[in-house]
Each structure stands twice: as C-alpha cells, then as structure tokens.
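We will go stop by stop, selecting a few residues each time.

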Amino acid sequence: MANRSTLITTVIAATGLAAALLVAPTALAGSTAPAGAPVHADRGMVAELARTLGVSPDQALARLGREAAFARVEAGLRRALGDGFGGAYLDTDASVLTVAVTRRADGARVRAAGASPVVVERSEARLAESAARLDRRATTAPRQVPGWYPDVRTNQVVVMYRDGALDAARTWAAASGLDGATVRYEASAEQPQPLIDVIGGNAYYIGSGTRCSVGFAVTGGFVTAGHCGGTGATTTQPSGTFAGSSFPGNDYAWVRTAAGNTPRALVNRYSGTVPVAGSQAAGVGASVCRSGSTTGWHCGTINALNSSVTYPQGTVTGLIRTNVCAEPGDSGGSLIAGDQAQGVTSGGSGNCSSGGTTYFQPVNEILQTYGLTLTVSGGTPPTTGPTPTAGPTGPPPGCGGLPGWSSTTAYAPGATVAHLGRRYESTWWSTGAEPGAAGSWAVWSDRGAC
C-alpha cells in the first residue's frame with residue numbers, strides 16, 4: 001500500500017498538475033523574472049494550503065513554485081547588496097517580490113533579478129538592531145505591551161499595545177534610545193500564551209512558579225495531584241486553571257487548559273514517549289512506570305491497592321502503593337502499566353538515589369469524579385466519568401436483580417455485579433477487569449453464588 005504522505009510530485013500525471021511545477025512569477029516591466037522552481041509538496045499540505053487560501057490545488061502548487069523561486073532571488077540579493085539590503089516581502093498572491101534597498105542605484109540589480117525595488121531609510125540589519133534594543137529591555141515592558149517586531153513592509157519597528165496603553169508603550173520604547181521615526185505603535189488585542197502539547201510527565205507551573213508534573217491528558221486539559229493547586233489556581237506551560245481539586249482526603253485535580261494547548265495520548269519517557277491506550281487498573285504485583293519532571297522515568301511494582309497515607313496536611317485514602325521512587329516536583333506525574341494509565345503521583349518517602357515508596361491517586365477515580373474523558377490513541381477505549389451503570393448483558397437468572405458485569409463500564413469501589421452465577425463487589429476503580437479471571441482479586445471480591 002502506498003504511503004499516505006506520498007509527495008504530490010509522484011502523482012502529477014494523474015492529477016494534471018505537471019505544468020504547475022514550472023510556473024514563473026509575474027514579470028515586471030524592464031525585469032527578467034526567474035523561472036518557477038520545482039517543488040516537492042506533500043499532497044495533504046497542498047490540499048490544506050488550498051483550503052486556507054481559498055484557491056484550487058493547482059493554484060496552491062503554482063504558488064509554492066513561485067515562492068521557491070523568489071526565495072532563491074531573495075537569498076542572492078541579500079548576499080549581493082550587503083548592508084544596503086532592507087528586507088524583502090511577497091504580495092498577497094506571491095506573484096511579486098518586493099526588495100527594499102537603502103541605495104537607489106541598487107534598484108537596477110533588483111529588477112534584473114526579477115523583483116521590484118523600493119528605497120528605504122533603514123537596512124534590515126539596522127531594523128534588527130533596533131528591535132534588539134527593545135529585547136534587552138524586555139523585563140521592563142509594560143504588561144499591556146504583548147510584543148514588538150521589525151516590519152520590513154513599513155521599514156519600522158512595530159510595538160504593540162493594548163487596553164489603551166499607548167503612552168506607556170511610547171515611554172518604554174523611548175527609554176531604549178530609539179528615535180520616534182523608527183517606531184510605529186499598533187493597537188492590539190493579543191494576549192499571547194505558549195501553545196504546548198499536553199503530555200504526561202511534563203512539567204507545568206502554578207501561580208508564582210511552583211512546579212508539578214502533568215498526569216494524563218484529558219479532553220480539555222489534564223489531571224494531576226490535588227496538592228499542586230486549589231480550584232481557581234492558574235498554571236503556565238501549559239496555561240490553564242485548576243477546574244477542580246481535592247486534598248487531603250483525596251489527592252486529585254484537573255486543569256482546564258487554554259485554547260491552543262493540545263492534549264496528547266502520550267507519557268514522556270525521558271527520552272521518547274509511550275502511548276496511552278486506556279485506563280484498565282493493574283493489580284498488586286504488576287509492573288508499573290512513573291514519569292515526572294524532576295527525576296524522569298522510573299519503574300517498579302505495585303505493593304498494595306486502596307492504601308492510606310498520612311501527610312502533615314492530613315490523611316489521603318484509596319491510593320496505589322508502589323516501590324517506584326519519586327522526588328519533589330514529580331507530584332502529579334503519570335503512573336502507567338504498559339499502555340494503561342494507572343494514577344497520578346501523590347507523595348511518599350525516600351528518593352531516586354536510595355529508593356523509596358511512592359503513592360499514587362488512581363486515575364479512574366479522577367475521571368469519574370469530574371466526568372472527564374482520557375485522551376487515548378487506539379487500544380482499550382477510554383474510561384470516562386459517568387457513574388457506573390449496568391452493563392448491556394443484564395443480570396443472569398437467579399442473581400437477585402444485580403446488574404451483569406460489562407467490560408466497558410467504569411466501576412468504582414462498592415459496585416456490585418453478577419457474573420457467571422456469582423456475586424462480586426468492586427474494591428477498586430476499574431474498567432475491563434473481569435470478575436473471577438486471573439488476577440481479578442485485586443479489584444473484585446467474590447461474595448459467593450447468587
């Protein structure tokens with residue numbers, strides 16, 4: 001089967017796009033336009049470009065050919081003009097390349113290369129140095145100044161401001177020593193935030209800089225430890241807000257991330273990643289690995305389920321007890337068995353030099369409490385938050401009306417089901433763990449025939 005990322009140049013004969021690969025830019029009067037450059041573009045990329053620009057795939061591919069040719073022209077003129085080069089930019093449909101020059105005499109060379117010259121006061125290097133002056137004063141920028149940049153189209157440095165703070169922006173820029181003619185001020189509504197892939201085990205920061213670790217990505221954000229932040233606390237890298245938090249008693253929370261941060265079905269393995277395919281609970285003795293932003297990736301086994309531990313702040317119950325090591329800053333990070341999410345790091349004793357005991361808040365309890373959906377990639381379906389309901393099979397005869405066990409239902413401790421003529425009570429959060437099967441004693445207690 002052909003690879004889905006096949007380059008579009010390999011299917012030209014079938015699509016009739018051959019001519020588009022050799023389209024020359026529009027010639028200017030008195031100039032010699034460069035020949036269009038061949039391009040090797042992924043079919044999906046061309047389709048998305050066409051959709052975004054509102055043009056046909058033929059036109060999108062032709063544009064790529066023009067842009068490739070003009071890129072070579074620009075690089076050549078930058079070398080040839082030296083400190084007389086004032087920057088370059090394409091027009092709306094990438095049919096004209098404008099090259100700024102500080103010496104009028106260089107216009108003929110620009111036209112001969114197939115571009116359109118414009119005379120400006122400041123070279124590209126001078127513009128960059130002006131912007132660098134502002135960079136050196138970045139820590140003193142007013143909070144209403146979201147950014148600045150050298151603009152080759154206007155041959156000025158643009159300083160953005162919002163909330164009517166034009167005077168504050170002008171005062172700040174003037175303190176850098178830039179003359180007024182160099183700077184252009186532009187009202188803006190931008191409130192930039194870093195855009196981050198939300199991956200288990202990665203660091204995130206709370207409030208003024210406290211660091212914890214991401215547990216697992218969920219739809220709209222991620223789960224983590226409750227002691228990392230209370231409801232309403234803000235986070236950065238990724239940016240978000242604690243939408244729910246409980247500690248002590250429990251040690252769980254979830255963070256609703258801002259738009260642009262992407263939940264990924266991955267856990268950081270330091271280095272590399274492992275996929276998250278579901279959240280089927282593992283039993284005592286099972287091997288597990290933990291990811292956290294202080295000590296990275298460490299593995300061990302589960303020693304006990306439904307464990308309680310008393311911290312200085314109070315007792316937390318219902319935890320997974322392991323012999324995996326952890327250290328401060330790993331809090332909230334991922335515990336995973338194979339590709340199945342298990343829990344988020346709560347606390348413990350020892351360290352990753354001498355070893356230790358670490359406790360984890362079960363992830364299925366967090367998902368059920370807040371009605372969250374785990375972000376998964378293939379494999380076992382995600383566990384979601386609704387209260388456990390009866391499985392589709394219904395109660396078997398003679399089981400007193402108990403619901404039948406279902407492989408797709410999320411069960412919490414205390415849930416009672418019938419399966420193969422016997423009654424079982426859940427002692428743990430689980431999905432897909434069959435009562436009576438090998439190892440099921442870790443999550444199901446056999447209450448006898450029904």
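Which residue in E22 does Arg-321 stand opposite? Select Arg-321 together with Tyr-359, and you have the facing pair.

Before moving on, please note that this is a predicted model, in which local features need pLDDT of at least 70, side-chain atom pairs count only at pLDDT 80 or more, and totals for chains, interfaces and linings use all residues. Residues are numbered from 1 along each chain as its sequence is written, and side-chain values use heavy atoms, with hydrogens and water left out. Helices (H or I, at least four residues) and strands (E, at least two) are DSSP runs, numbered from the N terminus.

**Stop 1**

Next, select residues 296–311 for E18 and 314–322 for E19, an antiparallel pair with six bridges. The two strands make a hairpin, with two residues between them. To find one of the bridges, pick Val-309 and its partner in E19, Val-316.

Then take E21 and E22, antiparallel partners joined by eight bridges. Here Val-344 stands opposite Gln-361 in E22.

**Stop 2: the largest pocket**

A pocket is found on a 1 Å grid over the protein atoms alone, as an open set of points with protein on both sides within 12 Å along at least five of seven lines; lining residues have an atom within 4 Å of a point. The volume of this pocket is about 270 Å³, meaning the space filled by probe spheres set on the points, with grid points joined across faces, edges and corners.

Which strands supply at least two residues each to this lining? They are E9 (210–213), E21 (340–351) and E22 (355–362). E21 gives the most, with six residues. Colour the lining by class and you will find five nonpolar, 13 polar and three charged residues. In this scheme Ala, Val, Leu, Ile, Met, Phe, Trp, Tyr, Cys and Pro count as nonpolar, Asp, Glu, Lys and Arg as charged, and the others, Gly among them, as polar.

**Stop 3: the cavity**

Now select Ala-281, Ile-320, Gln-342, Pro-362, Asn-364, Trp-428 and Trp-429, which line the largest cavity. A cavity is a set of grid points where a 1.4 Å probe fits but cannot get out. The structure holds one cavity of 30 Å³ or more, and the largest has a volume of about 40 Å³. Its lining has five nonpolar residues, two polar and no charged ones.

**Stop 4: the open sheet**

Move to E4, E5 and E6, which form an open sheet in that order, with mixed pairing. The edge strands, each pairing on one side only, are E4 (148–151) and E6 (183–187). The twist here averages 30° from one strand to the next.

Centre on Val-158 in E5. Tyr-149 stands opposite Val-158, and the bridge partner of Val-158 in E6 is Arg-184. E4 and E5 are antiparallel, with four bridges, whereas E5 (residues 156–161) and E6 run parallel, joined by five bridges. In the hairpin of E4 and E5, pick Asn-155, which takes a positive phi near 60°.

Is E5 enclosed or open to the outside? Six of its six residues are buried, so E5 is largely enclosed by the rest of the structure; buried means under 20% relative accessible area, with a 1.4 Å probe and protein chains only. Show Gln-156, Val-158 and Met-160 on one side, then Val-157, Val-159 and Tyr-161 on the other, to see that both faces are covered.

Methods
Two strands pair if DSSP finds at least two bridges between them. Axes are lines fitted to C-alpha atoms, for helices over the stretch in contact, and angles run from 0 to 180 degrees between N-to-C directions. Buried means under 20% relative accessible area, exposed over 50%, partly exposed in between (1.4 Å probe, protein chains only).
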